[in-house]
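Me: I'm new to this one. Could you walk me through how to read a few of its features?

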Amino acid sequence: MSALLDVILPVFLVIGAGYLAVWRGLFADSAVDGLMKFTQGFAIPCLLFRAIATLDLGAEFTWPILASFYVGAASGFLLGVLGARFFGRGWEDAVAIGFCGLFSNTVLLGLPIAERAFGAESLRFNYAIIAIHAPFCYLLGVTAMELVRAKQTTLVGLGRKVGNAMFHNSLVIGIGLGFVVNLTGISLPKVLDDALQMMIRAALPAALFGLGGILYRYKPEGDLRLIGLVCLASLVVHPAVTLGLGLLFGLGPEALRAAVITGAMAPGVNAYIFANIYGAARRTAASGVLIGTALSILSIWLWLLILP
């Protein structure tokens, strides 16, 4: 119970405050867009840039933790696609639903919960996972969607669409620049590092509040079976596969906790954005993000109890 009260509820109280503020008209809906633009376009890229720039790539960026997490993510995607087809949805809807089981909220939820649960030092494993999260998910999701939408798409055209999805994403740009600094050994000037840390301190609290405002827009509607499928894929299957593989690969306790808890996060807002871009399964994606985020209060608590 202490994990629920001390680790999880403070994070969701900030999200709830944002939801309540927009619901009661205390915070304008347009202001939510501005807040999320600041956090996702500037503050969080600064956080990821600095984290990757200072990450010990040889120590944390290892194949067992990445394989454990991303095989789990791919399992959530596969379950979403096949489950949607079983329930009679077309291939485009199936891929969009699969993307909801694939794209977990590794940053806005994963980082603050992991920091509160295991300490700031343990986040180095989260950053190793996050470093390739968007590229992996967009590569898999966009490729699958483009293949089912246009079977005659050329490899060049497909590569262009995948590249546009990834490299117009400010988070990916921040991560990429972090790798450049890390691999070249450039030392950040103190004045620049101090400025980055000011931006970083504002990133997660503001993003959580803004996430609450975003969730207010998503009304729970759509096929309950498919919404349940999304929640099953993201909250149960992904972390369960990650846990099993992490134990098989002999991950240490810190790396295992980071991988499983990050995998246990609800679908991120990008899951709805993906569905909206392609006009596929939008109601299911929106409801999956909203209901999955609410259910994750309990599911994350259970995973924290299960972990060694």
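This is a predicted model: local features need pLDDT of at least 70, side-chain atom pairs count only at pLDDT 80 or more; totals for chains, interfaces and linings use all residues.

Me: How do α12 and α15 pack, and at what angle?

Reply: For a helix pair, look at the axes and then at the side chains. Here α12 (residues 224–248) and α15 (residues 282–306) pack at an angle of about 35 degrees, and their axes are 8 Å apart. The crossing of α12 past α15 is right-handed.

Me: Which residues of α12 and α15 meet?

Reply: On the α12 side they include Leu226, Val230, Leu235 and Leu243; on the α15 side, Gly288, Ile291, Ser299 and Trp303 are among them. Sorted by class, this contact has 13 nonpolar residues, six polar ones and no charged ones.

Me: Is serine 299 buried or exposed?

Reply: Check the relative accessible area: under 20% counts as buried. Serine 299, which lies in helix α15, has 12%, so it is buried. Leaving aside neighbours within four places in sequence, serine 299 is in contact with Leu235 and Ala264.

Me: How much space lies in the largest cavity, and what lines it?

Reply: The largest cavity holds about 200 Å³, and the count of cavities of 30 Å³ or more is one. Its lining has 19 residues, with Phe103, Thr106, Val107, Leu171 and Asn270 nearest the centre. The elements giving two or more residues to that lining are α2 (29–53), α8 (133–149), α10 (170–184) and α14 (269–278).

Me: And how does the lining of the largest cavity split by class?

Reply: The lining has 11 nonpolar, eight polar and no charged residues.

Technical notes
Residues are numbered from 1 along each chain as its sequence is written. Side-chain values use heavy atoms; hydrogens and water are left out. Axes are lines fitted to C-alpha atoms, for helices over the stretch in contact, and angles run from 0 to 180 degrees between N-to-C directions. Helices (H or I, at least four residues) and strands (E, at least two) are DSSP runs, numbered from the N terminus. A crossing is left-handed if the near helix is turned anticlockwise from the far one by less than a right angle, and right-handed if clockwise. Contact means heavy atoms within 4.5 Å. Ala, Val, Leu, Ile, Met, Phe, Trp, Tyr, Cys and Pro count as nonpolar, Asp, Glu, Lys and Arg as charged, and the others, Gly among them, as polar. On a 1 Å grid over the protein atoms alone, a cavity is a set of points where a 1.4 Å probe fits but cannot get out, and a pocket is an open set with protein on both sides within 12 Å along at least five of seven lines; lining residues have an atom within 4 Å of a point. Grid points are joined across faces, edges and corners, and a volume is the space filled by probe spheres set on the points. Buried means under 20% relative accessible area, exposed over 50%, partly exposed in between (1.4 Å probe, protein chains only).
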